[in-house]
Amino acid sequence: MNVTENMPYPKKHKYDYSETKAIAEKYVLDANSENFRTVALRPSMIWGPGDYKFIPSVIESVKNGKFMLIDHGLKPKSTTHVNNLIFGIELAIQNGKGGNAYFINDGEKNSLKYFLELILKEKGLELPNKSMSSKLALMLAFVFEGIYKITKKDTKPPITEME
């Protein structure tokens, strides 16, 4: 949120996922040449038809009474509808300057709560008014991730540090 493509990479990444994405992006952008144009695209939280992960898991959690927002869901969240992603890809192919990175998003700054309320309303569901603090969520994620790692469970913990 509120950053441009010109911002430097963080000196230290909080997650391996973010670090490996940054490393891969650098390789792609460094491969740009006169004979081989490369660009990097940075969509945020992709959603829309065909989503089999994020929205369906939220819907299932809401239906099962297990969904809870973090800090009331008020943190700003940038999203990218799949149609906007496709449009961004087309623009990058047609007009993107080689060696550059481009953010792609829906152009709106909303909270996660607002976004989920709209999605759930379309499904005839209401967003629960349950919330926990980010500090408690991080502590629980740490505990659950540790238990799942030690017990070598194949399933995903109910809460993780990244989600």
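Student: Are E25 and R42 buried or exposed?
Tutor: Both E25 and R42 are buried in this predicted model. Buried means under 20% relative accessible area.

Student: What makes E25 and R42 a salt bridge?
Tutor: The closest N and O atoms of E25 and R42 are 2.5 Å apart. The cut-off is within 4 Å, between a side-chain nitrogen of Lys or Arg and a carboxyl oxygen of Asp or Glu. So the pair E25 and R42 qualifies, at 2.5 Å.

Student: Which parts does the pair tie together?
Tutor: E25 sits in helix α1 and R42 in strand β1 (residues 39–43), so the bridge links parts 17 residues apart in sequence.

Student: How many salt bridges does a search of the whole structure find?
Tutor: The search finds one.

Student: Why does I89 count as partly exposed?
Tutor: The relative accessibility of I89 is 34%. Buried needs under 20% and exposed needs over 50%, with partly exposed in between. Therefore I89 is partly exposed at 34%.

Student: Where does I89 lie, and what does I89 touch?
Tutor: I89 lies in helix α3 (residues 82–95). Leaving aside residues up to four places away in sequence, I89 touches L41 and I104. Contact here means heavy atoms within 4.5 Å.

Student: Why is V3 called partly exposed?
Tutor: V3 has a relative accessible area of 40%. That value falls between the 20% and 50% limits, so V3 is partly exposed. V3 is placed in the segment before α1 (16–30).

Student: How do you know that the span of α5 is close to the expected one?
Tutor: Helix α5 (residues 134–150) has 17 residues. The expected span is 1.5 Å times one less than the number of residues. For α5 that gives 24 Å, and the helix reaches 24 Å from its first C-alpha to its last.

Student: Why do the buried residues of α5 line one face?
Tutor: Seen down the axis of α5, the buried residues fall within an arc of 40°, so they line one face of the helix. These buried residues are A137, A141 and Y148. They pack against β3 (69–70) and β8 (131–132). An α-helix has 3.6 residues a turn, so residues three or four places apart point the same way.

Student: What does the face of α5 turned away from the buried side carry?
Tutor: That face carries the exposed residues K135, M139, F142 and I150.

Definitions and conventions:
Residues numbered from 1 in each chain as written. Predicted model: local features only at pLDDT ≥ 70, side-chain atom pairs only at ≥ 80, totals over all residues. Heavy atoms only, no water. Helix = DSSP H or I, 4+ residues; strand = E, 2+ residues; numbered from the N terminus. Buried < 20%, exposed > 50% of the residue type's maximum accessible area, 1.4 Å probe, protein only. Arc of directions from axis to C-beta.
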